[in-house]
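Please look at the sequence and structure first.

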Amino acid sequence: MRGRDVARSGGPELEPSLQHPSSAPASLPAAPTRRRLLAGLGAGLGAAAAAGALAACGGRTSPVSPAADPSPAGPSAPSGGALTIGAIPDQDPEVLQRLYGLVADSMAEATGLAVTYRPVTDYAAAVSLFRTGDLDLVWFGGLTGVQARRQTPGAVVVAQRDIDEDFRSVFVVNEATGLAPSEDLTELADLRFTYGSQTSTSGFLMPASFLTEQGVDPRGFPGGPGYSGSHDATLQLVASGSYEAGVLNEQVWVARSEAGEVDPAVRLFSRTPPYHDYHWLLGPDAVERLGEDLPERLQDYFLGLSADDPDDARVLELFGAGSFVEARASDHAQIEAVGEQLGLLR
Amino acid sequence: MSAGSRAGAAAPVCAPVGAPDGAPAGGDAGPSVPRLRRSRARWAWGVGAGVLLLWSLAGAGVFSGEVLNPAGARQLARFGAGALAPDLSPDFLRLLLGSTLVTVAYAALGAGLAVAAGALGAPLLTRSSWGRRRTGRLLARGAVAVPRGLHEAVWGLLLLNVLGLDPWVGVLAIAVPYGAVTAKVFADLLDEAPRAAHDALVAAGAGRTTALLYGLWPQAAGGLLAYAFYRLECAVRSAVVLGLIGAGGLGYQLSLSFTSLRWDQVWTCVYALTAVCVAAVVAGRAVRRRIADPPAPRGGRLRRDRVLVVAGVAVPALVAWSAWYLAVSPAALVDDRAREQLALLVSAAWPPDVSGPLLVALAGAAVVTVQTSVVAVALATAGAVLLAGLTTRPAHRVAVPRALAGVLVRTALLVLRAVPPPVWALVLLFVLRPGVLPGALALGVYTLGVMGRLTGEALEELDRRPADALTALGASGAAARLYGVAPRAVGPVLALALYRWEVAVRDTVLVGLLGAGGLGALLALQLAVFDWPAVTTTLVVVVALTLAVDLVSDRARAVLR
């Protein structure tokens with residue numbers, strides 16, 4: 001490797017050729033490089049064009065686009081039609097998003113539709129995809145559901161979980177604050193405070209509304225509130241003491257407490273009044289495509305899921321539900337009013 | 001023979017990763033006998049930089065009140081423990097394998113399109129094409145500043161609204177901003193390449209295109225190819241960020257596990273990403289070495305260089321496979337639905353919101369963004385300089401412990417940049433009080449991962465003779481470094497820091513949410529509530545800020561040269 005050393009240390013132009021007894025001119029290797037570059041470029045463009053043509057001919061479906069892998073369990077007879085569904089749960093999303101095959105299969109079997117589950121992580125993205133018709137049936141949170149209905153006229157509320165009729169959030173504090181459980185939220189006003197995700201009904205919207213009711217500025221708090229991004233992150237941040245208080249959905253709090261996963265430094269401070277949250281929302285395109293009775297068929301499926309049937313039970317468990325029940329658009333009027341008040345709905 | 005000749009040869013190899021604006025590495029082709037005098041301009045810039053840093057640190061609250069939260073060490077330890085016990089269950093690994101392929105495909109196709117766009121766009125930006133018509137060239141450069149000024153994640157969200165769940169979203173979110181950057185860097189490389197052949201062709205009556213193709217491109221080919229590989233590695237990391245917004249792949253799995261704070265799974269994703277990045281880095285390095293230092297022709301005959309042939313075939317093949325795997329269809333870009341959604345988006349987003357309260361909020365957020373980026377880059381630069389001794393691959397044979405330490409540090413840097421900034425932001429918030437600092441440090445740690453590598457490479461390209469001479473004269477290792485390496489390294493390293501500053505301003509979009517504020521937090525809220533007119537205004541401010549930082553760092557780099 002002496003040759004490299006000399007070249008790297010900036011020796012005179014002639015020296016490389018001294019290193020090589022063949023005494024080939026030092027500049028020659030550049031020529032094949034150029035030719036190869038051009039040839040490679042040409043080959044690449046050709047190959048890419050060929051691949052593009054192949055894909056365009058429909059020889060393959062994308063691993064990330066809506067047309068991919070309709071559930072094989074469905075009879076998928078042409079009369080059945082295809083339904084694309086999605087969900088953004090806020091508890092253990094990785095479990096549902098990775099086991100979504102269960103949901104798609106179960107729904108396909110019961111409704112006779114070819115059901116495709118499309119995983120999405122971003123609330124706003126799900127709302128947009130519902131509007132564009134990429135997603136037909138989505139399990140939305142309270143606020144995102146209202147947002148989606150406003151952007152997609154004609155959307156129908158299909159069902160909600162039993163717990164969504166009586167959904168609550170809990171305020172938690174770090175033990176170092178010394179606060180005892182109380183109904184008085186004004187005690188939180190001078191603490192460093194974090195919400196969950198900005199568009200979460202239980203992690204931001206309804207708690208902010210209850211704070212407002214008690215005269216606490218929901219966007220006040222010393223240094224401004226944080227948005228942890230998820231209920232579990234809120235728990236950990238309050239446990240660390242970086243934020244002295246926070247709010248999360250009660251379902252997650254109960255699940256983590258029962259599993260003994262809550263840090264002892266976190267104390268329950270207050271439980272909010274009940275409100276409605278998650279629900280299944282069906283887009284108008286799907287109804288047009290698959291028939292007027294589609295909302296009913298889907299509702300029959302959801303309401304028919306029984307915890308006694310082992311297959312159904314697994315689906316219900318993925319959604320953290322005991323059963324699904326009827327839901328009406330008016331259930332979310334409170335959320336709509338609060339959302340407008342807080343500037344989250346336009 | 002001055003060292004300048006070597007610097008000229010090194011420039012194309014190092015410039016792309018160094019600074020898009022030319023050749024920072026050993027860049028001064030000045031007089032062979034340097035005059036010893038203080039440069040007033042440099043002093044002014046130095047003092048200015050110091051003031052900016054102090055102001056940013058003050059803004060981050062370093063001089064006022066508590067910033068540490070030692071009680072959160074347990075949560076931080078849990079994150080660290082995940083690194084030692086990643087989730088290696090067969091089901092999860094199988095899941096990650098598929099996701100890794102998606103990420104690789106996004107990165108390869110995105111970077112491939114970006115390089116193609118860059119190669120086609122570069123002639124529109126070079127000095128040689130515009131000659132003395134400076135206004136035209138400035139306008140052309142201004143035009144690429146818009147796609148360049150927005151982060152890939154922002155592009156992803158905008159494209160998602162137009163194209164829906166189409167694989168093009170991930171591909172174009174990488175290709176559009178990268179294409180603009182690549183065009184600018186390629187143009188700079190072409191401008192820096194020796195012009196004799198080009199001028200001779202023009203003098204001999206060749207057309208402008210012919211002169212460019214045969215006189216300039218071949219001269220710059222090495223640098224262009226090296227930069228293309230560098231972009232590929234960056235694209236892998238960008239593809240992961242896009243997964244966070246729902247484009248699929250490794251980033252998607254990472255974000256799912258991150259939501260529930262399943263650190264063991266997060267770390268498995270990070271390791272998978274690290275492996276892909278290592279492959280890209282090793283391949284890029286092999287190609288760069290071959291171009292910078294072609295092996296000796298044997299027997300006086302020119303032979304094909306196997307490494308370059310393999311690279312020349314494998315890269316287009318990878319791009320082609322990506323297009324096939326993702327099943328992208330050009331028709332989806334222009335179909336009725338895309339046009340309809342684009343019209344809908346434009347009508348919702350125009351005219352921009354210019355109400356007083358929003359502008360005030362934007363001004364405040366812009367200040368926070370600048371402070372965040374300055375603190376981040378200062379931390380990254382300091383760290384990269386401290387680690388430079390270990391990140392630089394030794395030219396001579398060294399003891400085994402030293403070599404091992406080097407490998408360890410380089411791998412650690414790779415992991416630092418494989419963990420996405422939003423994850424760093426949450427983890428650092430466990431042990432820091434909320435505010436600008438956790439976000440700035442998160443970005444700083446991530447940038448250190450990038451800067452550490454670039455600094456090491458820049459130092460490898462330096463002229464080693466002064467240090468060797470000092471050592472031969474009996475100087476200690478430290479003295480040789482201090483007097484033989486440091487004076488030459490200051491320019492390239494600062495140029496790198498300035499270049500990363502621009503990038504950091506864009507990246508602040510990712511870390512604003514946790515009480516840190518800044519333009520990113522504002523943008524996230526506006527996107528969450530679909531306030532499109534305000535989004536337009538914010539994006540204009542982001543692009544303007546990026547442009548301003550670009551101009552300032554451009555001037556500063558000119559002073560350094």
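## Helix packing in chain B

Helix α6(B) passes α8(B) in a left-handed crossing, a term used when the near helix is turned anticlockwise from the far one by less than a right angle, with right-handed used if clockwise. This is a predicted model, in which local features need pLDDT of at least 70 and side-chain atom pairs count only at pLDDT 80 or more, while totals for chains, interfaces and linings use all residues. Residues are numbered from 1 along each chain as its sequence is written, and chains are lettered from A and ligands numbered from 1 in the order in which they are written.

Helix α6 (residues 134-149) and helix α8 (residues 168-192) of chain B pack with their axes 7 Å apart and at an angle of about 140°, where axes are lines fitted to C-alpha atoms, for helices over the stretch in contact, and angles run from 0 to 180 degrees between N-to-C directions. That angle makes α6(B) oblique to α8(B), since angles under 35 degrees count as roughly parallel, over 145 as roughly antiparallel, 65 to 115 as roughly perpendicular and the rest as oblique. Helices (H or I, at least four residues) and strands (E, at least two) are DSSP runs, numbered from the N terminus.

On the α6(B) side the contact is made by V144(B), P147(B) and R148(B), and on the α8(B) side by V176(B), P177(B), A180(B), V181(B), A183(B) and K184(B); residues are in contact if their C-beta atoms, placed from the backbone, lie within 7 Å. By class, this contact has seven nonpolar, no polar and two charged residues, with Ala, Val, Leu, Ile, Met, Phe, Trp, Tyr, Cys and Pro counted as nonpolar, Asp, Glu, Lys and Arg as charged, and the others, Gly among them, as polar.

| Helix pair | Axis distance | Crossing angle |
|---|---|---|
| α17(B) (residues 400-418) and α19(B) (residues 436-460) | within 7 Å | roughly 140° |
| α16(B) (residues 356-391) and α23(B) (residues 532-560) | within 11 Å | roughly 35° |

The crossing of α17(B) and α19(B) is left-handed, whereas α16(B) passes α23(B) in a right-handed crossing. In the latter pair, L358(B), L362(B), A366(B) and T369(B) of α16(B) meet A534(B), T537(B), T538(B), V541(B) and L545(B) of α23(B), and the residues of this contact divide into six nonpolar, three polar and no charged.

## Chain B as a whole

The secondary structure of chain B comes to 23 helices and zero strands, and its C-alpha trace spans about 65 × 55 × 55 Å along the principal axes.

## Domains of chain A

The domain assignment of chain A gives domain 1 (82-165 + 277-336) and domain 2 (168-271), with bounds that come from an automatic or database domain assignment. Their C-alpha centres lie 28 Å apart, and the contact takes twelve residues from domain 1 of chain A and 13 residues from domain 2 of chain A.

## Backbone geometry

The peptide bond from W350(B) to P351(B) is cis, with omega near 0°, and P351(B) is placed in the loop between α15 (336-349) and α16 of chain B. In chain A, F221(A) has a phi near 60°, a positive value in a residue other than glycine, and F221(A) lies in the loop between α8 (201-213) and β7 (226-227).

Key: Contact = placed C-beta atoms within 7 Å.
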